[in-house]
Amino acid sequence: MSVGHGSDEVQREDLRRLAARAEEAEGERDTMKSRYEDARRETRAARRRLEAVTRASRDFTKSARATMGGQYELEGELREGLARERAGRGEAEESLRRMETLVDRLGVIIWEAEVSESGGVERFILVGKHCEEVLGYPRSRWFRSAGFWMEAVHPEDRDRVREAYGSAVREGVEKRVEFRVFAADGGTLWIEDLVQPVENGGGRVRGVMVEVTGRWEAGEALRESEERLRLTLDAARMGYWSLDLSTHEATRSTRHDRIFGHEEMLPHWSYERFLEYVHEEDRGFVAGEFERSQNTGEDWEFECRIIRADGEERWIWALGSVLLLDGGEPTRMFGLVGDITERKRAEERIHRSEERFRLLFEQANEAVFVHGLDGIITQANELARESLGYPGEELRGMNVSDIEMNVSTDGFEEIWREVLRTGDPVVVEGVNRRKDGSTFPVEVSIGRFEGEGEPSILALARDVAERKKAEEEREAALDRERRASEKIAFLGEASRGLASFLDLDGTLAKAARLAVPRVAEWCVVDVLEDGGNKHRLAISFQNGGETETRLEERPDDEAPEPVREVIRSGEPRLVERVDETHLEGIATDEEHLERLRGFGLDSYAIVPLQARGRTFGTITFARNDPSKRYDRESLSLLGDFTDRASLALDNSRLYERQRHTAKVLQRSLLPTDLPEVPGLDIAARLRPLGEGIEMGGDFYDLFEASEGRWSVVIGDVLGKGPEAAASTSLARYTLRSVARSEGVPSRALESLNAAMIEQRGEDDRFCTVLFGNIRQNDGGFTLDFASGGHPLPVVLRSDGSVEEVGRHGTLLGVYHDPEISDSNIKLAPGDAVVFYTDGVTEARKDGELFGEERVMESISSCAGSDARGVADHLEERLEEFSGGALGDDAAILVVKVDGESGVG
């Protein structure tokens, strides 16, 4: 039998600990808010710099316009356009250069472009140098492709950006817009852009951009901190409130308003409104507590009654603090409030019981026993005899151990002696046994009894069955709350963990690992392949305190029958107690049966994986600990976990299917095999940007156009995805068709340009293409080619020298009359020509481009190599430089004349 002292402070101490947790969360929220305010101040400083740049921009523009007169209209890209301006524009060019220098020193990006009323950027006229440092993209890319900018803007923000640009043109007013941008290194940045219409600019706008990522990250951290505070308070079933005493602005949690009887948040709240809910008999006391706290700066803690919005009287517990300025003036109050009605009612019941005990003690209306140190009962009142079922004087002469379970005279003698020595009473708990053998819990107060003769022991016993029941109910409620919190935490972790994978094997393994050991000692995630005759599964289990996970495949007929039955029925299977029959039903063979026996399987549950109205697999959870045996309540948690796993696994299956489709389509846009051309050695490489579901726009081709004439093509279509694939297909097959009848490369590209403009949709997609014809001549080969905006080829001579050949031309699919020139080079035996896309030169490492110089250097080191060796070496150099993280697709095509060309 245990001895304990009664205490009514246990619940209150629990609430104080929860309040301390909430206060720590509040402190973290204040820290995050301070960081957020610092970020806001930095943003305001940046805005002041932006305004200064804007004013300088206007002054420089006026100066440029005064010098250039009516010739301010720039055509094409800025560098090429400025080169074509007449000699009288020198002063304007100097003004623009000074403006760019000023902007670069201020650390912002200035740009000027022609923009349509719908917000589309038609072409860039000016782009500050700082864009490469902030965003990582070279300025040449802005001029080459105006549509590139909207591709870099986050898809969810593009409409807002277009609306801001379009409004600046339509309304002629300044617009400010914040949005996300994908940087060249793959990261996401927040940008604030101040957009102004250019006076008399005819659709021109000027923008000044500054990066504000730090401010947004601070805001996100603040919101995460506030969410953690909310979860802490929800777990504690408490409401939170905060009041700014200078602005009288009040904030609070949803649970706060629910405590006062409002299921929906009230639009306004104030201190005066709170007092209206306080019971009128407690209102003066509560107001005094708040006034005392404001005057002294001390925390408050009190209990009071409230009248809820629905008229019900409830009890609340309030704890809070007031923040004082250095001068002692209160500036802010914040606190916690919790509904303690049930506790107060329980306390009232206990109080009534204790009051009854006191009265019975004083008036002998309680079960009272008097006995000596030997435990022999000398006296017992009527209530004692009635409660124990001993009529008359039967109790007299019996020992206390005869009516009290688990009590011996020897065990209590020390307590009795101490009570007699000090006179201080002791309260113990026990179980009384009636004459008929039934029992009931009691609380016994042991005190000194001054009767006749030597002092004796006075024991007053009261039935505490009701209180015990209330305590058990409270413990059960706390246990339910604890399990609910653990469930929320586990499911939250599962959602985050499963969302971090796209591939099916990774998601399978993660789902199995998450379950062990949190909800199982052994877990199998089983997914049917699309054909339905093969299973992919992940198995996770405990091994010496560590969790091991492995991936396997098995035919459908080798899957355990319970698994196949759950897949067929779509209903979970729960076995709360496993016997040998169950083991034999699960096992697929004798070896499997022995492993199950060795595991000590005690209970298991098989839950179906379901998505889009069908069952595509199962998760099997197994326990070997009888104290953690699965039951119907456990099945709810396992089902919630499986629902999350189902969604993640189904998404992974869809992603793999789409990725496979994208790869098949990508391969269909390239020649299956390069042809064998007499006298030529040919090799090609294509490095897509990633392994995702988007098709790239880089392509190459080599085919026989007519007898003795071979056509070579390499190109790059803007963008990715189905649209890029459609444009790639159009370019490739148009050139194949035209090449058979048209031997002049520039005319073939003009035909492709016309076809692209004719097929052009709303996205104004364009491409760069290099097209050439290779034919034999005396002693070697001749390459006739033309470039439509594409990087020029590099010739590697047999002596190891390299040179870039040809002339640049206009992008295809943009202008009706592109400028395209034909070029001609002769290739002797041992010479090679290397074609490539701009994904090679624009590969990055720490903001530095691979560049044309490295391309030439890499090719020059390949003297004497065959075509495959040249292509491999250039690809390896590109891989080493970028670390495998290319900024765009990259294609390489190498054509080399054999050492002995076969030409006499």
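Student: Which residue meets the side chain of Glu312 in a salt bridge?
Tutor: In this predicted model, local features need pLDDT of at least 70, side-chain atom pairs count only at pLDDT 80 or more, and totals for chains, interfaces and linings use all residues. Residues are numbered from 1 along each chain as its sequence is written, and side-chain values use heavy atoms, with hydrogens and water left out. A salt bridge is defined as a side-chain nitrogen of Lys or Arg within 4 Å of a carboxyl oxygen of Asp or Glu. At 4.0 Å from N to O, the partner of Glu312 is Arg345.

Student: How many residues apart are Glu312 and Arg345?
Tutor: The pair links distant parts of the chain, with Glu312 in the loop between β8 (300-307) and β9 (313-324) and Arg345 in helix α12; helices (H or I, at least four residues) and strands (E, at least two) are DSSP runs, numbered from the N terminus. Their separation in the chain is 33 residues.

Student: Is Arg345 buried or exposed, or does it fall in between?
Tutor: Buried means under 20% relative accessible area, exposed over 50%, and partly exposed in between (1.4 Å probe, protein chains only). Glu312, with 31%, is partly exposed. Because Arg345 has a relative accessible area of 35%, it is likewise partly exposed.

Student: Which ring does Lys344 lie over?
Tutor: Lys344 belongs to helix α12 (residues 341-363), and its relative accessible area of 14% makes it buried. Leaving aside neighbours within four places in sequence, Lys344 is in contact (heavy atoms within 4.5 Å) with Glu303 and Trp315. A charge sits over a ring if NZ of Lys or CZ of Arg is within 6 Å of the ring centre and within 35 degrees of the ring normal. At 4.3 Å from the ring centre, Lys344 lies over the face of Trp315.

Student: What is the N to O distance between Glu418 and Arg421?
Tutor: Both residues lie in helix α15 (residues 409-422), three residues apart, about one turn of the helix. Glu418 is partly exposed at 39% relative accessibility, whereas Arg421 is exposed at 63%. Their side chains meet in a salt bridge, N to O, at 2.6 Å.

Student: Which residue forms a salt bridge with Arg685?
Tutor: The closest N and O atoms of this pair, Arg685 and Glu875, are 3.7 Å apart. The pair links distant parts of the chain, from Arg685 in strand β22 (residues 680-687) to helix α26 (residues 867-882), 190 residues apart. Both residues are buried, and the partner of Arg685 is Glu875.

Student: What is the angle between the planes of Phe260 and Phe274?
Tutor: Rings of Phe, Tyr and Trp (its six-membered ring) pair if their centres lie within 6.5 Å; planes under 30 degrees apart count as stacked, over 60 as edge-to-face and the rest as tilted. By this rule the count comes to 20 aromatic pairs. Phe260 and Phe274 form one that is edge-to-face, at 6.0 Å centre to centre, with an angle between the planes of 80°.

Student: Where does Phe260 lie, and where is Phe274?
Tutor: Phe260 is buried, with a relative accessible area of 0%, and Phe274 is buried with 10%. The pair ties together parts that are 14 residues apart in sequence, because Phe260 lies in the loop between α9 (254-259) and α10 (271-277) and Phe274 in helix α10.
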